[in-house]
Each structure stands twice: as C-alpha cells, then as structure tokens.
Amino acid sequence: MPASRLPATLALCAALCLAASACAPWQGPGCRPGEQPSVHDALYFGTAKPDGTVTAAQWAGFLETVVTPRFPQGLTVNEASGQWRGANGATVREASHVLHLVHADDPASEKAVTEIVAAYKSQFQQEAVLRVRAAACVSL
C-alpha cells in the first residue's frame, strides 16, 4: 500500500471500530474478580426553606422514615456547605446533607431514589435535590 494512503486507511479502520463498539451494550465499569457492578448515587439536600431551615431533628426523622426503609442495607451521610443558583437567579449558600447510596442498577432501586428526592422536595419546600449517579464496582 502506498504511504500516501496509510492515513486514510487508518482513519477508516478507526471509524469502523468505533461504529462497531457503539452497537455493543454498555457493560458498566470493568469490575475486577470479586467485585460486583453497582450504582453510586450521591444526593445533595439543601437545608434552607422559605420559613427557616431543615433542623437536625427533621433531617434525622427524614432519614428514619423515608430513606432507611428504602435502603435498609446501609447508607452514608456527610454534612456539607454548598451553594447553587436558584430559578430566580440568586445564589443560595446553605448547609447541606450529602447522602451516598450504593445499590443495584434495577428498577426498584431507581424508584426508591426518585421517591426519596420527591419526598424531600415536598416535605421541605425545596426547588431541587442534586443527584449524581455513577457506575461503581463494589466488594465487601
């Protein structure tokens, strides 16, 4: 093959490989032996409300009555200080709770997470709850 055609041939091969891989189903992360593919959800809950703030007791009650029944296998909470821009364009700075959930990638878990978000927004008059969803490999 002439050297002048080599770049075009390589480009064609790369395009074919890319097209073939696009048809393959997504398998998630390449987990090592002994690891299970899972989902890691991080949910960010602000505490500012129109009439005050979500108290420590209210947050504890929310965890006990809304979150734990949906994820009894476990969870992690971190306290944080965050900011975001609301729908009115104003920057809101507030204390926050970050909830970490590691779970199966299945419809039941997805439903549970969306119910938690909806309940918090409704119960505490929140405009939004940030959700960051990532593929993960888990071992115990």
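Predicted model: local features only at pLDDT ≥ 70, side-chain atom pairs only at ≥ 80, totals over all residues.

Residues are numbered from 1 along each chain as its sequence is written, and side-chain values use heavy atoms, with hydrogens and water left out.

**Whole chain.** Colour by secondary structure, and the protein shows three helices and six strands, arranged along the sequence as α-β-β-β-α-β-β-α-β. Helices (H or I, at least four residues) and strands (E, at least two) are DSSP runs, numbered from the N terminus. Of the 140 residues, 24% count as buried, where buried means under 20% relative accessible area, exposed over 50% and partly exposed in between, with a 1.4 Å probe and protein chains only.

**Largest pocket.** Select Gly46, Trp84, Glu94, Gln126 and Ala128, which lie nearest the centre of the largest pocket, among its 24 lining residues. The space in this pocket is about 390 Å³. S1, strand S2 (48-49), strand S4 (76-85) and strand S5 (91-103) each give two or more residues to the lining, and S4 gives the most, with five. By class the lining has 12 nonpolar, nine polar and three charged residues. Here a pocket is an open set of points on a 1 Å grid over the protein atoms alone, where a 1.4 Å probe fits, with protein on both sides within 12 Å along at least five of seven lines, and lining residues have an atom within 4 Å of a point. A volume is the space filled by probe spheres set on the points, which are joined across faces, edges and corners. As for the classes, Ala, Val, Leu, Ile, Met, Phe, Trp, Tyr, Cys and Pro count as nonpolar, Asp, Glu, Lys and Arg as charged, and the others, Gly among them, as polar.

**Second largest pocket.** Next select the lining of the second largest pocket, which includes Ser38, Gln73, His100 and His103. About 180 Å³ of space lies in it, and its lining has three nonpolar, six polar and no charged residues. S5 gives the most to this lining, with three residues.

**Salt bridges.** Show the side chains of glutamate 115 and arginine 70, which meet in a salt bridge at 2.8 Å, N to O. Glutamate 115 is in helix H3 (residues 107-123) and arginine 70 in helix H2 (residues 56-70), so the pair ties together parts that are 45 residues apart in sequence. Glutamate 115 also pairs with lysine 111, with the closest N and O atoms 2.7 Å apart. A salt bridge is a side-chain nitrogen of Lys or Arg within 4 Å of a carboxyl oxygen of Asp or Glu, and the count comes to seven.

Moving on, arginine 131 forms a salt bridge with glutamate 110, with 2.8 Å between the closest N and O atoms. This pair links strand S6 (residues 130-138) to helix H3, 21 residues apart. Which residues do salt bridges with shared partners join into one network? They are Asp41, Asp105, Glu110, Arg131 and Arg133.

**Surface stop.** Finally, select tyrosine 44 in strand S1 (residues 36-46), which counts as partly exposed at 35% relative accessibility.
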